[in-house]
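Welcome to this short briefing on a protein model. Have a look at the structure below, and then we will walk through it topic by topic.

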Amino acid sequence: MNDVPRDVLRQIEKPARYLGGEWNQVDKSSRPDQDKLIKFAFCFPDIYEIGMSNLALRIIYHQINHREDAWCERVFSPAPDFRSYLKESGQLLFSLESRRSLKDFDILGITLQYELAYSAVLDLLDLGGVPVRASERGEEDPFVWGGGPVVVNVEPVAEFFDLFVLGEGEDIIDSLLDLYREWRQDPKKNRQGFLLRAAQIPGIYVPSFYDVTYLTNRKIEAITPNRIGIPAIIRKQIVDDLDQAMFPERQIVPNVEIVHDRMYLELFRGCPRGCRFCQAGMIYRPVRERSIAELIKLARILYDETGYDEIGLLSLSSSDYSGIDGLTSELVRDLQTKNVNISLPSLRLDSFDFALMERISTTRKAGLTFAPEAGTQRLRDVINKNISEEDLLSAAKIALSGGWNRLKLYFMLGLPTETEEDVQGIADLTFKLLEIHSEISRTEKLRRPQITVSTAMFIPKAFTPFQWVAQIDPELMSERQELLASALKSKVITYQWHDFDSSVIEAVLARGDRRLSEVLYRVWQSGGYRESWREGFSVERWQEAFTAQDLDMSFYTGERQKEDILPWDHIDVGVSKDYLWHEYEKALRGETTPECREECGTCGAQAYGCGVCVHEYASEVAASEAVAEVAASKAGATAKAYDAVVPSVEPVQIRLEYSRKGPAAWLGHLDMMRTMERLIRRAGLPIAWSEGFNPRPQIVFALPAGVGVELAADICELTLLASREIDPEQMLATLNEAAPRGIAFNKIKQVEKEKTSLMAQVIEAEYSFYAPGIGAAVSDLFATSGSLPAIKHGKKGPKEIDIRPMLLGLLSLDDGRATIRVSAGSSANLRPDLFLQALCKKTGYSEEAALTARIVRERLVLRSEAKTV
């Protein structure tokens, strides 16, 4: 067990990141055969909030844990403060579920989502006690597997992985784990033997089984297998029928807020559009959709299992889903009464639909994001964006007329053939939107527009028609950005741009070869473990590493020739190299290519024999029929004990007494509120909602508790719309069944709604402190007189206060414990950390010991009739 000391948790940001215990976390530690399970760690080389937003993590976690012979756990890169603790203490990086060190797993599955996270992979392995280079790992070390979107060219990190999974992992992972289970039972097993057998599985790439030779001009001469029976070309694997693929119905609900804090529905994979700069649009071909019936079924299950108030409809272009109108109509009918927001994050300008946006915005009207990518029609044709200026202006007019005043526009700078006129075109297009707003506002009352223009630098990627193109140099990047910034000056326009230097390094890695492995290693050793973060990135580190290896960045960002052997030529993603070159030539001529659903371009993906390549997806008529069939099935559905449509009834005020300990004790107040809201949704209680633009469940907490403070008997109040008499025992049982680890409900009773807030009714609190020798120190403190100064930090800065008037009594103590009563509530509130601060100053009690103190709020005392709860 890798427990983190309490004093460390008190000094790091968001300690709950490292504690696990979330709702739907899988724990197999109590199984009698747990030592025989395949121990698999899904590793995300970035912090918890980013990693837990990743759908692939949820899919693989669910799939592996569905197996009886394996246990998948999660590992994330630590933030700098916790990383410093691990380095200084010598403690190894561990998983959230069992607290097992990385080196003690059988398999580490590392997802590679973006190139700038490569150095974080090395750091993660090192922090976990695993040799960084594959060649240095022994028979007792875990295997290191890689997967994710950027594995289409992983040559820069080939030295650090044992194997890669190319394509969609659902089927391949099971085949690999079956092989591993069989292999480890062989008394003569060895790592090479496993890898040789793994390389026979379609979609598995073992880099050590391939040799790369180079020409004198530094280009690649050949990529050849160095073992008999190893395939010369490794073909990407896909799931051909998404309705039959396993989808995570019991998705983990994080205790802390994450980047994309919602439940997910994956509508389809692939993209029919064919934008020439977009790697995802090429490597995820062909388009394969989930059926409406399956999606609606999943949405209901996800809500019941998670309690989220938002559902994201995910794909590369969600509005291109063939049955989007029928799907969203049914989801709104299902979820609107539960105040669940529907998020449609990827919208196409040419398929923007006002009725669709109105439908999904019935609960909340957020800003809209569009991606024209280029400022002129000429350049949009070059990149095959297949949208017109009229599409953008029409969509903007619809959005502004409909009440959306916040628009965000994404563009790219440095695209192939770009000129200064194209850059100026971005500004011209943006001001045309403002003209539309002015025109509409002459007859309608509109809110002030807020337009954000965001630009990223073009980065040539493998398996795109622009994989041969040079990236513009940083000096020209700067000129183009400054030109645009000067042209966009307006009080209602905000301009954001991506860092130039990191764009260059990303381009280097995206088209890099194995010679970059040593560059990466040097960058990591010189402190580059967080290169994907602006504050962690250092271009100087990269420049020094390139110089040390006698390599030139411009070689990797420069132009490639048609006849060149590219570092990824031994990988087959289904789209042929000839097709990509043909598209590149069309780009130079300014010719467009129709999308897949209009005309097959014979890109090569048709060889998979599935998806849009072989049949048309449901028309809206068929989609409507599917929706009607799903709606008819509702009649037989079984509702939860309290989950029913409630007629108009008088609200009922319920007071709950609850406790929190373990991981839940380390939540901040906002995270605690979110956790309780989702818990109550899962329990199906008929909660009342506030009025207004953004309705919230009517839950009131008596008094916020600090991070790291346990609660023995705290209270909150709910307003319910109960159509029948409340059964306290049943409601308690329902709540506790829906509670994550560490939260428990003890009592429930109906109360009269007070005129004053619940927090205003709190007058006192009782706290217990557990730490070595604290009893004697607290006794000495209460024996003193005079002021007890403590520094309170607030929004206006530090302020010295006297806590003596808020110390109301010493209730009990022994050598390692003290229980006190203090003022609490909205008028005067003594926080336990301020008490400990004053205790150390007045009595000389050790600050180190105070940091280790276990703090329990035993109860709150209410003003109402002097009752305690």
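A residue counts as buried when its relative accessible area is under 20%, as exposed when it is over 50%, and as partly exposed in between (1.4 Å probe, protein chains only). By that rule Glu266, at 10% relative accessibility, is buried. Please keep in mind that this is a predicted model, in which local features need pLDDT of at least 70 and side-chain atom pairs count only at pLDDT 80 or more, while totals for chains, interfaces and linings use all residues. Residues are numbered from 1 along each chain as its sequence is written, and side-chain values use heavy atoms, with hydrogens and water left out.

**Nonpolar cores**

- A nonpolar core is a set of buried Ala, Val, Leu, Ile, Met, Phe, Trp, Tyr and Cys residues joined through side-chain atoms within 4.5 Å.
- The largest such core here has 236 residues, and those with the most contacts inside it include Leu112, Leu176, Trp542 and Phe835.
- Helix α14 (residues 420–441) gives the most to this core, with eight residues; helices (H or I, at least four residues) and strands (E, at least two) are DSSP runs, numbered from the N terminus.
- A second, separate core of 32 residues includes Leu298, Leu313, Tyr321 and Val332.
- Leaving aside residues up to four places away in sequence, Leu176 touches Trp145, Leu163, Val165, Phe194, Ala198, Ile201 and Ile204, where contact means heavy atoms within 4.5 Å.

**Salt bridges**

- A salt bridge is a side-chain nitrogen of Lys or Arg within 4 Å of a carboxyl oxygen of Asp or Glu, and by this rule the count comes to 68.
- One of them joins Asp572 and Arg235, at 2.6 Å from N to O.
- This pair links distant parts of the chain, 337 residues apart: Asp572 lies in strand β19 (residues 571–572) and Arg235 in strand β9 (residues 234–235).
- Arg235 is partly exposed, at 27% relative accessibility.
- Another salt bridge joins Arg290 and Glu266, whose closest N and O atoms are 2.9 Å apart.
- Arg290 sits in the loop between β12 (288–289) and α9 (292–306), while Glu266 belongs to strand β10 (residues 263–266).
- Is Arg290 buried or exposed? Arg290 counts as buried, because its relative accessibility is 1%.

**A parallel sheet**

- An open sheet of four strands runs in the order β15-β16-β17-β18, with parallel pairing; two strands pair if DSSP finds at least two bridges between them.
- Its edge strands, β15 (368–373) and β18 (493–497), each pair on one side only.
- Strand β17 (residues 450–457) pairs with β18 over five bridges, and Thr455 stands opposite Trp497 in β18.
- α14 packs on the sheet, touching β15, β16, β17 and β18, and its direction makes about 170° with that of β16. Axes are lines fitted to C-alpha atoms, for helices over the stretch in contact, and angles run from 0 to 180 degrees between N-to-C directions.

**Helix α18**

- Which residues are buried in helix α18 (residues 539–548)? They are Val539, Arg541, Trp542, Ala545 and Phe546.
- These residues lie on the same side of α18 because they cover an arc of only 155° around the axis, the arc being that of the directions from the helix axis to the C-beta atoms.
- The face turned away from the buried side of α18 carries the exposed residues Glu544 and Thr547.
- The buried residues of α18 pack against α16 (500–510), α17 (516–525) and α19 (553–557).
- Just after α18, Asp550 takes a positive phi of about 55°.
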